[in-house]
Amino acid sequence: MFYTIRHLTKFRYAETISESIMETRMHPRSDTNQRCLTFHLSVSPRSRVFSYRDYLGNNVHHFDIPGMHAQLVIVAESLVDVQPPLPLPAALEPGAWQELDRIVSKGDYWEMLLPSEYAQPTPLLMELARSLDVCRRADPLTLIHEISTGLFGAFDYVPRSTRVDSPIDEALRDRRGVCQDFAHIMIALLRSIRIPARYVSGYLYHGSEDHDRSAEGATHAWLEAFLPQLGWVGVDPTNCLMAGDRHIRTAIGRDYADVPPTKGIFRGKSASELSVAVRVSPSEAPPALDQELPIPEDWSILVEKAQEPVPKADLQLAQLLQQQQQQQ
């Protein structure tokens, strides 16, 4: 399946600021079952954009806007080819736990086994582990399915119920959260029993026949667990799914702190307002190479007129876009 992705981020400042320094992780990865065929990043006010790959192979873009401005608009456009992953077995063969330990002892997995900023083994997490019977039993793949199902049933998905920097204890206490929280909780649980686990930031296509809990119009988050015989396997506990060809990966890390879609600072004293919108459109075949991807009128207005006050006609759109820069 081919997906056209448009990811818009807009910062509005109550007072004019004199400089913005920003980096983004919006460029989909090309590995395993997906290939990023095209990617374009537009910034307004205009700025020269630089890029590099971090040590985990994530594509990072960064730029500096030194002039006075009251708004910053970033539009990322991608065309990605995603193939279905190989089917998973019902369970792993006997001795899988011993094989996992042997592979991990000889490899470089320590970062995905240790606690990280948002995946900490807190008392509330250990209480949840006991209630879900998170211990080495059956085989690793079967246990992962059971943990994902347990989290899906024990926690409610409530958009904007936590903040972008909320510790997992907030979701654990209230038994509700967004996909970012589900991913962090399951990562911490898996690491507690020595299964390497890493955070995945990206997008999820919501089809008309899919019954996802996660919100449309936002980025998504899930996790990957390392298993013997299979390698890294994607798990989406928010929707009680194994990651498939609807999941589009942009970046991997220890947790959200490693891979936020945008991260930066600005020079000036001003409150800021953030708006985010994501559109994922599928197609059976890629657009013709000489055909430009059409940009909806409302998006082009936001980009081309980023220096001007938002017209009244766009206020309704702006209200729809307002949300945290959080993996929903």
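These are my notebook entries on a predicted model, taken one element or residue at a time.

**Helix α3**

I began with α3, which covers residues 140-154. I counted 15 residues and a reach of 21 Å from the first C-alpha to the last, close to the 21 Å expected at 1.5 Å a residue. I then looked at how the N-terminal end is capped, and found Asp 139 there. A side-chain oxygen of Asp 139 lies 3.1 Å from the backbone nitrogen of Leu 141.

Which residues of α3 are buried? I listed Pro 140, Leu 141, Leu 143, Ile 144, Ile 147, Ser 148, Gly 150 and Leu 151. For reading such a list I kept in mind that an α-helix has 3.6 residues a turn, so residues three or four places apart point the same way. I also noted what the buried residues of α3 pack against: the helices α1 (96-106), α2 (123-131) and α5 (179-192), and the strands β10 (220-227), β11 (231-236) and β12 (241-242).

**Nonpolar cores**

Next I went to the largest nonpolar core, which has 47 residues. The members that touch the most other members are Ile 147, Leu 151, Ile 185, Met 186, Leu 189, Leu 190 and Ile 195. I wrote down the elements that each supply at least two residues of this core: α1, α2, α3, α4 (168-174), α5, β9 (197-204), β10 and β11. Which element gives the most to this core? I found α5, with nine residues.

Leaving aside neighbours within four places in sequence, Ile 147 is in contact with Val 134, Met 186, Leu 189 and Leu 190. I also recorded a second, separate core of 22 residues, with Phe 11, Ile 17, Leu 41 and Leu 72 among them.

**The five-stranded sheet**

I traced an open sheet of five strands in the order β12-β11-β10-β9-β13, with antiparallel pairing. Which strands stand at the edges? They are β12 and β13 (247-253); each has a single partner strand, so one side of each is left without a neighbour in the sheet. The partner I checked for β13 was β9, and the two pair in the antiparallel sense over six bridges. For one position I looked up the bridge itself: Ser 201 has Ala 251 of β13 as its bridge partner.

**Ser 270**

I found Ser 270 in the loop between β14 (262-267) and β15 (272-283). Is Ser 270 buried or exposed? Ser 270 counts as buried, at 17% relative accessibility. A polar atom of the Ser 270 side chain lies 3.0 Å from the backbone nitrogen of Ala 14, and the side chain reaches the backbone nitrogen of Glu 15 at 2.8 Å. With neighbours within four places in sequence left aside, the contacts of Ser 270 are Tyr 13, Ala 14, Glu 15 and Ile 17. I had already met Ile 17 in the second core.

**His 69**

I placed His 69 in strand β6 (residues 69-82). His 69 is buried, with a relative accessible area of 1%. A polar atom of the His 69 side chain lies 2.7 Å from the backbone oxygen of Gly 67.

**Cysteines**

Last, I checked for disulfides, and the count comes to zero. I looked up accessibility for Cys 36 and Cys 240. Cys 36 counts as buried at 15% relative accessibility, whereas Cys 240 is partly exposed, with a relative accessible area of 29%.

How values were computed: Residues are numbered from 1 along each chain as its sequence is written. This is a predicted model: local features need pLDDT of at least 70, side-chain atom pairs count only at pLDDT 80 or more; totals for chains, interfaces and linings use all residues. Side-chain values use heavy atoms; hydrogens and water are left out. Helices (H or I, at least four residues) and strands (E, at least two) are DSSP runs, numbered from the N terminus. The expected span of a helix is 1.5 Å times one less than its number of residues. Buried means under 20% relative accessible area, exposed over 50%, partly exposed in between (1.4 Å probe, protein chains only). Contact means heavy atoms within 4.5 Å. A polar contact is a pair of N or O atoms within 3.5 Å; within protein, one must be able to donate a hydrogen and the other to accept it, and residues adjacent in sequence count only if both atoms are side-chain atoms. A disulfide is a pair of cysteine sulfur atoms within 2.5 Å. A nonpolar core is a set of buried Ala, Val, Leu, Ile, Met, Phe, Trp, Tyr and Cys residues joined through side-chain atoms within 4.5 Å. Two strands pair if DSSP finds at least two bridges between them.
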